[in-house]
Amino acid sequence: MNFYVTFFTNMSILITCAYLFNLLYKNLFQHASSIVKNSAMIVIFIFCGWLAMMVGVQLKEGAVLDLRVVPIIFASLMFRNPRYVFIIGLGIAATRYCVNGVTPNALTGSINIVILGLVASGLVMLYERKQEWSYRKKATISLLTINLMQVIGIASFGALSREVYLKHIMPYTLPLSLLLGAFFLFIIYDFYKEQHRAEELRNKNVILVEQTNELKEAHKELEERALQILNSSKYKSEFISNMSHELRTPLNSIILLSELIRENEADKEDSENLQYAEIINSSSTELLRIIVDILDLAKMEAGKMEMDFGEVSIADITQLLQHQLAPLADQKKLSFEIIADKDVPALLVSDGLRLSQVLSNLTANAIKFTDRGSVTVHISNESEPGFIAFAVRDTGIGIDEHSRQLIFETFLQEDSTTRRKYEGTGLGLSISQQLARLLGGSLTLQSTKGVGSEFKLILPLTPPVDDAAGG
């Protein structure tokens, strides 16, 4: 029997076709669209099936024995769409009539090929659900399943005598088909891997494009939201600014009236009106201070804080600080001292009002959070030439390391216990830090819990030109 020669001829043709297809794919279809590549592969697979039948063994009964199943087996491994595999089965079945015309054997042979195409399509769907399976496992399943289905089909449709086929033909053709099919699948493994890598790369590119589009949409949405937030912040700041101005007017009237009452009742002993006037005056003054802080914060958030730079006397700053805060330290029986080094220049260029505001905030805080010991304001030249340092030291409660940045946040203090005990809005340090930046300097903190704190304001003796111009 010449089955061996015929099957080896089939194998040689298929290997040649695979080699040529690999060359064509790399040079012509590598960068083509998926539709073009899939269409080309379907046509070539059908052509290989037809060519395998053309050089197959033509039996006296009209049947043709060949390796037409090899393209179907390979298609079940190459494609992820079962419809493409079924189209290949239909195509090879249709070309069966081109081998020796329209005959009963051709009809049964084409039906058998269609069934094999359906089986291969089912295997593709199975492999999609079992993507973790290796190529070897899938190739073994496809090789055994499709070859066995071909044997069952030939024996069932009666194109050949069932007894002759099962006893004299199948014992030769089935082992040869399995052996040569396995050999062919081994040869094309590299091509399979290349296809698999190309498919993964395409999928990753698709995912990357989708993610890029999503990022663009997210970026656009973030820009829109940022604009909304910016507008909302602007409206909020303008509202706070307007409301602060509206509240300051009646508060100033209340403070003036309370001072008049105090003056009128000053000569009367145990006057309840005097006590009431003092309460009204102190409460109104504190409320006015809070409103001024909120107004400053709103201005800074809106970018409307104007700085008035000019020559500022260090002596004037220290005298004002001594006059304002020494009485508070005396009330708490604290040692309060302002020290200026001898080599400190007499003048610096800054905004005197804002500098006094920062130093007052820092010193008032130091006195507030110190129950015993001392509060010291030390003015010295900074190690970097052209800068001056204002260090406010206390022996107060100190601040934990994890809370040091927190206290510079708006409306925040170290913790709720501190807020309940010492009261306050938490605006002072936030405003002071932002004012320090507007003055061209910085505000830093060193502190140890239970030992004390040091806030250091570092300012240039002459601010940058842009800052001075902006004021």
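These legends walk through several close-up views of one predicted protein model.

In this predicted model, local features need pLDDT of at least 70 and side-chain atom pairs count only at pLDDT 80 or more, while totals for chains, interfaces and linings use all residues. Residues are numbered from 1 along each chain as its sequence is written, and side-chain values use heavy atoms, with hydrogens and water left out.

**View 1. The protein chain as a whole.**
The chain has 15 helices and nine strands. Here helices (H or I, at least four residues) and strands (E, at least two) are DSSP runs, numbered from the N terminus. Of the 471 residues, 43% are buried, where buried means under 20% relative accessible area, exposed over 50% and partly exposed in between, with a 1.4 Å probe and protein chains only. Among contacts between residues at least 6 apart in sequence, 72% join residues at least 24 apart. Contact means heavy atoms within 4.5 Å.

**View 2. Helix 2 against helix 3.**
Two packed helices are described by the angle between their axes and the distance between the axes. The axes of helix 2 (residues 34-54) and helix 3 come within 9 Å and cross at roughly 155°, which means that helix 2 is roughly antiparallel to helix 3. Axes are lines fitted to C-alpha atoms, for helices over the stretch in contact, and angles run from 0 to 180 degrees between N-to-C directions. Angles under 35 degrees count as roughly parallel, over 145 as roughly antiparallel, 65 to 115 as roughly perpendicular and the rest as oblique. Look for M41, F45, C48 and G49 on helix 2, which meet P71, F74, A75 and M78 of helix 3. Seven of these contact residues are nonpolar, one is polar and none is charged. Ala, Val, Leu, Ile, Met, Phe, Trp, Tyr, Cys and Pro count as nonpolar, Asp, Glu, Lys and Arg as charged, and the others, Gly among them, as polar.

**View 3. Helix 3 against helix 4.**
Helix 3 (residues 69-78) packs with helix 4 (residues 82-95) at an angle of about 170°, and their axes are 9 Å apart. Helix 3 is therefore roughly antiparallel to helix 4. P71, I72, A75 and S76 of helix 3 touch V85, I88 and I92 of helix 4.

**View 4. Strand 7 and its partners.**
Six of the eight residues of strand 7 are buried. Strand 7 pairs in the antiparallel sense with strand 6 over seven bridges and with strand 9 over eight bridges. V377 stands opposite V392 in strand 7, and F390 has L457 in strand 9 as its bridge partner. Strand 6 and strand 7 form a hairpin with five residues between them, and G386 in the turn has a positive phi of about 90°.

Conventions. Two strands pair if DSSP finds at least two bridges between them.
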